[in-house]
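User: I am new to this structure. Could you take me through the labels and what backs each one?

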Amino acid sequence: MNTITKTIKLGDKDLIIETGKVAKQADGACMIRYGETVVLVTATSDKSPREGIPFLPLTVDYREKTYAAGRIPGGFFKREGRPTENDILTCRIIDRSIRPLFAEGWDCETQIIAMPLSVDPQNVPDVLAACGASVALSISDIPFAGPLATVRVGKVEGQLVVNPTFEQLEESTIDIIVTASHEALTMVEGEAKQISESELVEALMFAHEQCLTIIAVQEELIKEIGKTKRLATQHEVSSDIAARVRELAPAKIKQALAIRDKLPRYAGLKEVKVEIREKMAEEFPELETMERDVADVLDDIKKELVRGQISKESIRLDGRKLDEVRPISIELGLLPRVHGSALFTRGETQAIVTTTLGTSRDEQLVENLEGVFKRQFMLHYNFPPFSTAEVKFMRGPGRREIGHGKLAERALGKVLPSHDDFAYTIRIVSEITESNGSSSMASVCGGSLSMMDAGVPLTAPIAGVAMGLIKEGDEFFVLTDILGDEDHMGDMDFKVAGSKDGITAVQMDIKIAGVTSEVLKTALTQAREGRLHILGEMDKAISGPREEMSPYAPRIINVKVKPERIKDIIGPGGRVIKEIVAQTGCSIDIEDDGTVKIGSTDPESAQQAVDMIKELTQEAEVGKLYMGTVRKITDFGAFCEILPGTDGLLHISELSDKRVEKVTDVLREGDEVLVKVIGIDRQGKIRLSRKEALGQQPDKD
């Protein structure tokens, strides 16, 4: 195939899509370039299906390698290892964007691989990878109902910007990634600085407009080189089985669905499934696909009943109204030794969330294509199997846990105090102890509560709520605070977190072709009402950060010294600072501007370290008395050390109120003598007087 290149203007740069030159053995491949950032994306699928699987066998891999930014990776091996957090988050963005658009019944292993080959300091490669995935799939023979386009939207100085640079993102009030089809939005992920619902809708519609330009280019490519799509082999349910199950099961399933608690409801549905399956085994003993047919029909019936009950009767599985939030209970200070803790329960979703405060020693060192930086705020989300009454292997965090944790971290990160005002490293851990819908939003609420319990001075408390959607024809019904089954059987999972003043994080996944602006506006309005209700319940438990931190939390004391005195604290080869740390047990960190941060859980040790540093860096003051040590004697006077590393001249005329013939008549080297500073010249030379200090006591700080 000949190389084909398409160029479009996107924002202030050209977006260039090239195919037919690289990775020609993949089913679909493209190089996508923006500025000097270049990403290779491929789509490949097995030719033989995986038999009997009830899910789409799709794998997405995105891997950043430091050569793309002209660097060699750190560490001993000098080779990239397992996927980074950013890799995993980008994989999720691509997966969530494209997954709903595969043909129903597609069961051939399919893999998307995105490789940033060149990354400049301005242009982020993640959205290019998502666009490239759509291009590769659209021109391949894989049955994908695209094309899609993905862009990032920022808002700088009040103006919406498409694909903002790294530098612009630092100033932006919005950082949202949006995927859209020609008709509607299909995926949203991002954060904002407490923006209004109308601002978010404006940003999303702006993103859709930008996406249409990229989609148009892909449509041109499909016409020019698109391959004939392979057919998905949909499983055909036996008509006899379907008719018989629909005759026997609906009333029993409806009765089971009427049970409002999750586990008893699941048990009731399982009984129905076992009973119907045994009945069908008697009636259709020779049908090999009987079990799968029964399961498919029962799932269809359950989905029809749940959706019909919502759309026709406005009744949900647990009996709530469409816009009603489940009952909330909150317990603070649950764990005695941790710095802050909260038990947050909303319906059958529950999280124990803890906050741990640390010093700069606890900052996370992160290396990515932008370089190496330190992270002072972390949120880790864990989802143990007992939370859903399951038994599974306990391994490291999966992609879902990484994604949910990052969403909660984004939501809370916008209301943290500045590091200058609160010089702590903060780690939040959310342990999900029960789950029936929106555990990530429970982590947001619990994280906000546990930080306030720890005394972190948040600028505002944050809450989150997950919104669902049932769309039947032209009608749609938005659900507040969805259950797990409402997520599974519904059309949308739209998580919105924020304060009373605005939105700080959003995430939207859908199972239909897209959602319109009308749906978005309704969902966001309803989400705000739900969020304000939850914030009201949180305010009843704690209305602001505690004034006193846990006695087990470190105290950080800031001491300011002149930058030129930093060397006195560090000492030759770090000897002095190591000695202070060894004696006091404190952590000591020094900034280039002369800020010294002393951290310790023991107030006495912290004060000892403060005193030692002040002693090392204090400077002589005219008129102040000091106990000096004679270091050198000359014919005209003595040089006395009045502070560590600070000497002054005690002239022979200032030794006494009487005439002194020789300095050695009064002083010897090593003597301690009370002196007064009587002058400091422009060169910093200090003049001392013993005469003026006679009969006085040394000054105390």
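User: Why is E157 called exposed?

Analyst: E157 has a relative accessible area of 79%. Exposed means over 50%, buried under 20%, and partly exposed in between (1.4 Å probe, protein chains only). E157 therefore counts as exposed. The model is predicted: local features need pLDDT of at least 70, side-chain atom pairs count only at pLDDT 80 or more, and totals for chains, interfaces and linings use all residues. Residues are numbered from 1 along each chain as its sequence is written, and side-chain values use heavy atoms, with hydrogens and water left out.

User: What makes the phi of E157 worth a remark?

Analyst: Most residues other than glycine have a negative phi. E157 is not a glycine, yet its phi is positive, about 55 degrees. E157 sits in the loop between β7 and β8 (159-162). Such names follow DSSP runs, numbered from the N terminus: helices are H or I with at least four residues, strands are E with at least two.

User: What about A389: buried or exposed?

Analyst: Its relative accessible area is 54%. That is over 50%, so A389 is exposed. A389 also has a positive phi, about 60 degrees, without being a glycine. It lies in the loop between β16 and α9.

User: How do you know that the bond joining G146 and P147 is cis?

Analyst: Its omega is about 5 degrees, and the bond is listed as a cis peptide bond. Most peptide bonds are trans. P147 is in the loop between α2 (126-138) and β7 (149-156).

User: Why is T504 called buried?

Analyst: The relative accessible area of T504 is 0%. T504 belongs to strand β21 (residues 503-510). Leaving out residues up to four places away in sequence, T504 touches residues including G190, E191, R410, A411 and I462. Contact means heavy atoms within 4.5 Å.

User: What makes T504 and A411 a polar contact?

Analyst: A polar atom of the T504 side chain lies 3.0 Å from the backbone oxygen of A411. The cut-off is a pair of N or O atoms within 3.5 Å; within protein, one must be able to donate a hydrogen and the other to accept it, and residues adjacent in sequence count only if both atoms are side-chain atoms.

User: How do you know that helix α10 has the expected span?

Analyst: The expected span is 1.5 Å times one less than the number of residues. Helix α10 (residues 439-454) has 16 residues and reaches 22 Å from first C-alpha to last, close to the expected 22 Å. α10 is mostly covered, with 16 of its 16 residues buried. G455 follows α10 and has a positive phi, near 90 degrees.

User: What makes β11 and β16 edge strands?

Analyst: The open sheet of five strands runs β11-β12-β13-β17-β16, with mixed pairing. β11 (328-332) and β16 (377-382) each pair on one side only. Two strands pair if DSSP finds at least two bridges between them. β11 and β12 (residues 340-346) share five bridges, antiparallel, so they pair. F344 in β12 is the bridge partner of I330. Helix α12 (residues 517-541) packs on this sheet, touching β11 and β12.

User: Why do β27 and β29 count as paired strands?

Analyst: Two bridges join β27 (residues 646-651) to β29 (residues 686-689). At least two are needed, so they pair. They run parallel, and L649 has R687 of β29 as its bridge partner. Both strands are part of a closed barrel of five strands, β25-β26-β27-β29-β28, with mixed pairing. β28 and β29 form a hairpin with five residues between them, and four bridges join them.

User: Why is the aromatic pair of F422 and Y424 called tilted?

Analyst: Rings of Phe, Tyr and Trp (its six-membered ring) pair if their centres lie within 6.5 Å; planes under 30 degrees apart are stacked, over 60 edge-to-face, and the rest tilted. F422 and Y424 are 4.6 Å apart centre to centre, with 40 degrees between the planes. The pair is therefore tilted. Both F422 and Y424 are buried. By this rule there are four aromatic pairs.

Notes:
Axes fitted to C-alpha atoms, helices over the stretch in contact; angles between N-to-C directions.
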